[in-house]
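Take your time at each stop before going on.

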Amino acid sequence: MDAILIARGITKVFPGVRALDNVDFDLRAGEVHILVGENGAGKSTLAKCLLGAYVPEEGEIIFQGEKVRFTEAKDALEKGIAAVYQEFTLVPYLSVAQNIFLNREYRTRFGLIDKGRMEEEVRDILASLNCDYINVRSMVKRLSVAEQQMVEIAKALSFKPKAVVFDEPTSTLSEREISSLFEQIRKLRAAGIGIVYVSHRMQEFKRIGDRITVLRDGRRIGVIGVGDKSPEELVNMMVGRDISQVYHRSDSRRRGVALRTENISDRAGRVRGVSIQVQRGEIVGLAGLVGAGRSELARLLFGIDPIAGGELHVGDERIVRNNNSRRMVRKGMGMVSEDRKRQGLALKDSIAWNIMAVSLRKYFPRHLIDYKKMYRICGEYRQKYRIASPDVHRPCRLLSGGNQQKVVLAKWLSNDPDIIIFDEPTRGIDVGAKMEIYAMMDDLANQGKAILMISSELPEVIGMSDRIYVMHNGRITHEVGRGGDNWNQEDIGAMMLGIREGAAK
Ligand SMILES: Nc1ncnc2c1ncn2[C@@H]1O[C@H](COP(=O)(O)OP(=O)(O)OP(=O)(O)O)[C@@H](O)[C@H]1O
Ligand SMILES: [Mg+2]
């Protein structure tokens, strides 16, 4: 098959980092070419060079046999290379249709904006993505993260591209949306469109991919066919060392209840009479589908949303109303949240200020900040979590997605909380870093911390938890203990879908 897009010898340097070092890449018409590698390996940077969002220092890009030199994303788009970026690019206060046709609105004969035609076209694209439930007139700000992601994808397709670059498109999607997306990608592939697909989710590669290019530290390690290597071999290519065991859970002692709810509900009816408890020294998993109410429960526990009924017990304190995050943080709670862009990080601020965001008072109780000490502490976290940045002064927006997630973790753990809620803690995080986070969680449990983990990756929940609550439609429907009869993916998966009877709790 012919390559439609070829990149040769691409080098891209940022201050202090060689993000890409003499990288070759080619994309054939009608293939899905997966880009993998650890956080900071250079995947997004390569994608952006192909798209003209970055101009590489060295190397050349050939598109459909013609050497091109894009200086901005618009150039690439005009030639037929579209992108779905890792970070959202939509304008929150415009409608879905307005966003998709931004700056290229259709006009009527009289020069007026032809809203009807645009809306119809957008409706068609959304329908092809099985997303007819998204109203083309809705303001983007009112859509869920997953819906926004689908709009991003619809926008890319509206340019009728010859090549599309997807940068971690599924990290915010539910299984149903992922299936629709894959169906759409298969259609694009069948139509001879080339697709670059960046992902950390190895289970997706076989489902959708044809070839895989592995990057490590800005260099290309190899190009292989999807079935050529076992998952272990692929991981070893990515991290450059042998990895045998992914999940690590040692036996830690239970040391009394740290967090307990009794019949707790929220106002929106997304959490309905939930009773759970988490002990010190225990990792409790919360399994469920997207929309089951897991994040909503976490928001109640952490005081982001008000409690509408029931009780929350933290340590020996009983909280019925007036739960707010500040109080929860004082009570020793921390939450690593799902949406790092919105809730987790101040992107303009440096790594150091983000790490210190909740723990500043703990380290400097008298409001006198010893900067040398502060930077030393943050430097230690940078090393411990292997945050890929030469120093801690860099603004977080310049970090790769996975490294931003590590900063969120450092921010909460630096405050030494007793109870930690992890909501999708490894989303967008590479295998190597995932294992570091698992080891860290295990360690925290051994220290006697109480951990509640929400995750959509069932192997992760089963691999790390001592106990799992299954949530469905706002209620806890099952509780399963490690090593018990139902301690496997099939059974717990069926419970999550609500097709397994259970003693509703
Ligand atoms: N605009 C920028 N300014 C400075 N450094 C940058 C910039 N963009 C990326 N980098 C650095 O370049 C390296 C590669 O980053 P890139 O975003 O390409 O990684 P990635 O492979 O996409 O990682 P992830 O899986 O975490 O998304 C990282 O060390 C990152 O910190
Ligand atoms: Mg990236």
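Keep in mind throughout that this is a predicted model. Begin by selecting ligand 1 together with the 21 residues around it, of which Asn39, Ser44, Thr45, Ser400 and Gly402 come nearest. If you colour this shell by residue class, you will find 7 nonpolar, 12 polar and 2 charged residues. Next, highlight strand E2 (17-28), helix H1 (43-50) and helix H15 (401-413), each of which supplies at least two residues of the shell around ligand 1.

Now give each domain its own colour: the protein chain is divided into domain 1 (3-239), domain 2 (255-332 + 418-428 + 445-505) and domain 3 (343-416). Return to ligand 1 with these colours on, and you can see that domain 1 and domain 3 both give residues to its shell, so the ligand lies between them.

For the last stop, select the open sheet of 4 strands, which has the order E12-E11-E14-E15 with antiparallel pairing. Strand E12 (277-279) and strand E15 (317-319) stand at the edges with a single partner strand each, so one side of each is left without a neighbour in the sheet. From one strand to the next, the twist averages 10°. Zoom in on strand E14 (residues 307-314), which is joined to the antiparallel E15 by 3 bridges, and look for Val314, whose bridge partner in E15 is Glu317.

How values were computed. Residues numbered from 1 in each chain as written. Chains lettered and ligands numbered in written order. Predicted model: local features only at pLDDT ≥ 70, side-chain atom pairs only at ≥ 80, totals over all residues. Pairing = 2+ DSSP bridges. Axes fitted to C-alpha atoms, helices over the stretch in contact; angles between N-to-C directions. Near = placed C-beta within 6 Å. Nonpolar A, V, L, I, M, F, W, Y, C, P; charged D, E, K, R; others polar. Domains from an automatic or database assignment.
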